[in-house]
Amino acid sequence: MRARIVILSGSGLSAESGLPTFRDAAGLWRQHSWQDLASPEGWRKNPALVLEFYNERRAKAWAAQPNAAHLAIATLETKFDVAVVTQNVDSLHERAGSTKVLHVHGELAFARGTGTSRRRYRIDGAPIELGQHCNEGTQLRPDIVWFGEETRHMDTARELVAAADKVLVVGTSLSVYPAASLVDAAREDADKVLNSLEMDEVPRGFRFLAGPATRVVPRIIKEWLR
Ligand code: APR
């Protein structure tokens with residue numbers, strides 16, 4: 001049986017593809033209020049502002065290219081059973097070639113209605129406009145998990161992490177729950193590595209490798225593929 005690897009990724013992984021993180025010096029939540037832009041209350045108060053924010057992010061994400069770290073992660077599938085659990089809403093993992101990707105915070109490339117239907121609509125890099133409705137006639141919104149909404153795939157993600165022989169955490173501050181709690185599901189005997197530019201508290205049992213993902217991640221993966 002192939003050894004199992006889980007990648008837990010955050011916005012720092014896509015930073016060198018030109019996409020902003022959230023809490024770094026130039027992070028999105030340093031420049032904007034997440035209450036206004038990434039919460040059900042913000043949507044109710046000013047949907048036009050929210051749509052504009054995500055339309056801009058979607059266009060940028062669609063124009064971005066996977067970087068050396070995304071590409072290296074995809075090569076692991078040549079030898080291992082790999083699952084990517086990402087907090088990222090861009091499609092750079094898939095565009096780099098990763099075939100098993102769980103987006104726990106949603107995806108920019110999809111829209112959905114604001115009624116009961118859970119149906120999603122693929123929109124790639126296209127904008128969502130006020131007055132654009134789903135099949136049920138409700139206003140379309142970004143298919144993103146906002147603060148206060150339920151994180152997705154958590155049970156599956158926890159099972160994958162608990163079964164993994166190797167776990168690589170890359171580009172996340174591990175400050176948003178429940179996604180950040182996934183590191184606690186990692187097995188004692190698993191090979192556990194965390195890459196970030198800086199980290200206040202490294203989860204127990206993880207080897208911390210500081211530095212840009214495009215430099216550090218290909219090195220780890222070369223080691224694992226040897
Ligand atoms: N290479 C590696 N790590 C990097 C790089 C880089 N080039 N650039 C930044 N980082 C690291 C930072 O050091 C930081 O630890 O990425 C992390 C980014 O942290 P956050 O900005 O908090 O982003 P993230 O952890 O992805 O946020 C989690 O918060 O706002 C919500 O839903 C949103 O999914 C997001 C969640």
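Hi everyone, thanks for coming. Please keep in mind as we go that we are looking at a prediction.

Let's begin with the ligand. There are 25 residues around the ligand, and the ones that come nearest are Arg23, Trp29, Thr172, Ser173 and Ser196. What sort of residues make up that shell? By class, 13 are polar, eight are nonpolar and four are charged.

The side chain of His105 places an N or O atom 2.8 Å from a ligand oxygen. Ser11 uses its backbone instead, with an N or O atom 2.9 Å from an oxygen of the ligand. Leu197 also takes part through a polar backbone atom, at 3.4 Å from a ligand oxygen. How much of the ligand does the protein cover? On its own the ligand has 740 Å² of accessible area, and the protein covers 94% of that.

Next, the strands. Let me start with S7, which spans residues 166–170. Is this strand mostly covered or mostly open? It is mostly covered, with five of its five residues buried. If you follow the side chains, Lys166, Leu168 and Val170 point one way, while Val167 and Val169 point the other way.

S7 has a strand partner in S1, residues 4–9, and the two run parallel, joined by five bridges. Within that pairing, Ile7 stands opposite Leu168. S7 is also joined to S8, residues 191–196, again in parallel and again by five bridges. There, Val169 has Leu194 as its bridge partner.

Between S7 and S8 there is a loop, and Ala180 sits in it. Is Ala180 buried or exposed? Its relative accessible area is 4%, and the cut-off for buried is under 20%, so Ala180 counts as buried. Setting aside neighbours within four places in sequence, Ala180 is in contact with Leu174 and Ser175.

S1 and S2 pair in the parallel sense over six bridges. S2 covers residues 81–86, and five of its six residues are buried, so the rest of the structure largely encloses this strand. Moving on from S2, three bridges join it to S3, residues 101–103, and these two also run parallel. Val85 turns up again in this pairing, where its partner in S3 is Leu102.

Last stop: helix H5, residues 68–75. Which of its residues are buried? They are Ala69, His70, Ala72, Ile73 and Ala74. As a reminder about helices, an α-helix has 3.6 residues a turn, so residues three or four places apart point the same way. The cover over the buried residues of H5 includes strands S1 and S2, together with helix H6 (92–96) and helix H8 (213–225). At the start of H5, a side-chain oxygen of Asn67 comes to within 2.8 Å of the backbone nitrogen of Ala69.

That is the tour, and I'm happy to go back to any part of it on the screen.

Key
Residues numbered from 1 in each chain as written. Predicted model: local features only at pLDDT ≥ 70, side-chain atom pairs only at ≥ 80, totals over all residues. Heavy atoms only, no water. Near = heavy atom within 4 Å. Polar contact = N/O pair within 3.5 Å; in protein donor to acceptor, adjacent residues only side chain to side chain. Areas by Shrake-Rupley, 256 points an atom, 1.4 Å probe, with all protein chains shown as cover. Nonpolar A, V, L, I, M, F, W, Y, C, P; charged D, E, K, R; others polar. Buried < 20%, exposed > 50% of the residue type's maximum accessible area, 1.4 Å probe, protein only. Helix = DSSP H or I, 4+ residues; strand = E, 2+ residues; numbered from the N terminus. Pairing = 2+ DSSP bridges. Contact = heavy atoms within 4.5 Å.
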